[in-house]
Amino acid sequence: MAVTIKSSQEIELMRQAGKILAKVHEGLKKELKPGMSTLDIDRIGEEMIRSFGCEPSFKNYQGYPASVCVSINEEVVHGIPRKDRIIEEGDIVSLDTGVIYKGYQSDAARTHGVGEITEDARLLIERTRQSFFEGMKYAVAGNHLHDISGAIGDYAESFGYGVVRDLCGHGIGTHMHEDPEIPNYRKFRRGIKLRAGMTLAVEPMINLGTERVVWMDDDWTVVTQDMDLSAHYENTILIREGKPEILSLTDSEIAEEIWSNDPIL
């Protein structure tokens with residue numbers, strides 16, 4: 001599958017998908033609390049997605065049984081929601097989900113602290129998010145794909161964190177996973193040239209300790225090899241001539257003014 005350039009009509013549909021997904025993430029953040037199960041989160045997330053007239057893009061994708069990946073502490077990604085997996089005070093919880101709106105997809109992830117968390121955990125979450133925005137400084141038409149990757153990895157590794165190499169971001173559009181693959185660490189080659197109209201899901205997965213990960217027996221849940229904490233931050237973005245447009249920013253992030261979608265550099 002070649003990297004697709006989206007038309008103005010397709011971009012508008014993806015923009016709407018991103019806005020809806022941002023609302024889902026905002027809602028899940030408000031619901032997250034100690035004592036609830038990861039299955040509770042999945043149920044709430046799916047209900048929200050469907051309330052907007054969308055389909056949950058993860059449900060039954062390649063056999064995945066839920067609408068929201070809920071990954072706790074050492075779980076990097078793809079945690080399967082369960083009624084007996086209870087969220088506790090002090091946990092960090094990564095929520096990764098996607099929507100399909102009129103045939104077009106958006107994919108985004110956030111990691112949240114539950115109640116009082118350690119300073120190490122707080123900084124990991126904050127710096128994982130910032131690593132994404134370091135990458136965004138290079139997500140401009142005319143630059144190269146791995147300029148984004150290098151900026152993400154260099155920033156995260158400057159704190160001694162492990163940048164996961166076995167998983168990566170991806171193109172997105174009518175399919176959840178399209179070309180190209182987007183690593184989160186510096187590569188020798190610069191990758192493809194970025195063009196206006198490309199839509200990408202960029203998703204740093206950053207570990208407090210080793211970069212190494214292992215797959216659990218359910219063939220989905222990925223955990224850190226050393227069982228230390230991991231954080232995940234992802235948005236669907238649109239490449240433009242100027243600054244990229246981040247399609248899945250939440251209302252609270254917009255209020256924080258962490259990024260402006262103004263295309264002027």
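Predicted model: local features only at pLDDT ≥ 70, side-chain atom pairs only at ≥ 80, totals over all residues.
I72 touches T38, R85, I87, D91, I92 and V93, leaving out residues up to four places away in sequence. Touching, or contact, means heavy atoms within 4.5 Å. I72 sits in strand 2. Strands (E, at least two residues) and helices (H or I, at least four) are DSSP runs, numbered from the N terminus. I72 is buried, because its relative accessible area is 0%. Buried means under 20% relative accessible area, exposed over 50%, and partly exposed in between, with a 1.4 Å probe and protein chains only.

Numbering starts from 1 along each chain as its sequence is written, and side-chain values use heavy atoms, without hydrogens and water.

Next comes N73, in the loop between strand 2 (68-72) and strand 3 (75-77). N73 counts as buried because its relative accessibility is 18%. Beyond its neighbours within four places in sequence, N73 contacts D91, I92, D228, L229 and S230.

Now the interior. In soluble globular proteins, nonpolar side chains tend to be buried together. A nonpolar core here is a set of buried Ala, Val, Leu, Ile, Met, Phe, Trp, Tyr and Cys residues joined through side-chain atoms within 4.5 Å. The largest one has 30 residues, and L28, L32, I41, I87, V93 and L95 touch the most other members. Helix 1 (8-31), helix 2 (38-51), strand 2, strand 4 (92-101) and strand 5 (104-113) each supply at least two residues of this core. Helix 1 gives the largest share, 8 residues. L28 touches I41, I44, G45, M48, V68 and L95, not counting residues up to four places away in sequence. Apart from this core lies another, of 19 residues, including A139, I148, L200 and V202.

Step back to the whole protein chain. It has 5 helices and 15 strands. Its C-alpha trace spans about 45 × 45 × 35 Å along the principal axes. Of its 265 residues, 56% count as buried. Among contacts with a separation of 6 or more, 68% join residues 24 or more positions apart.
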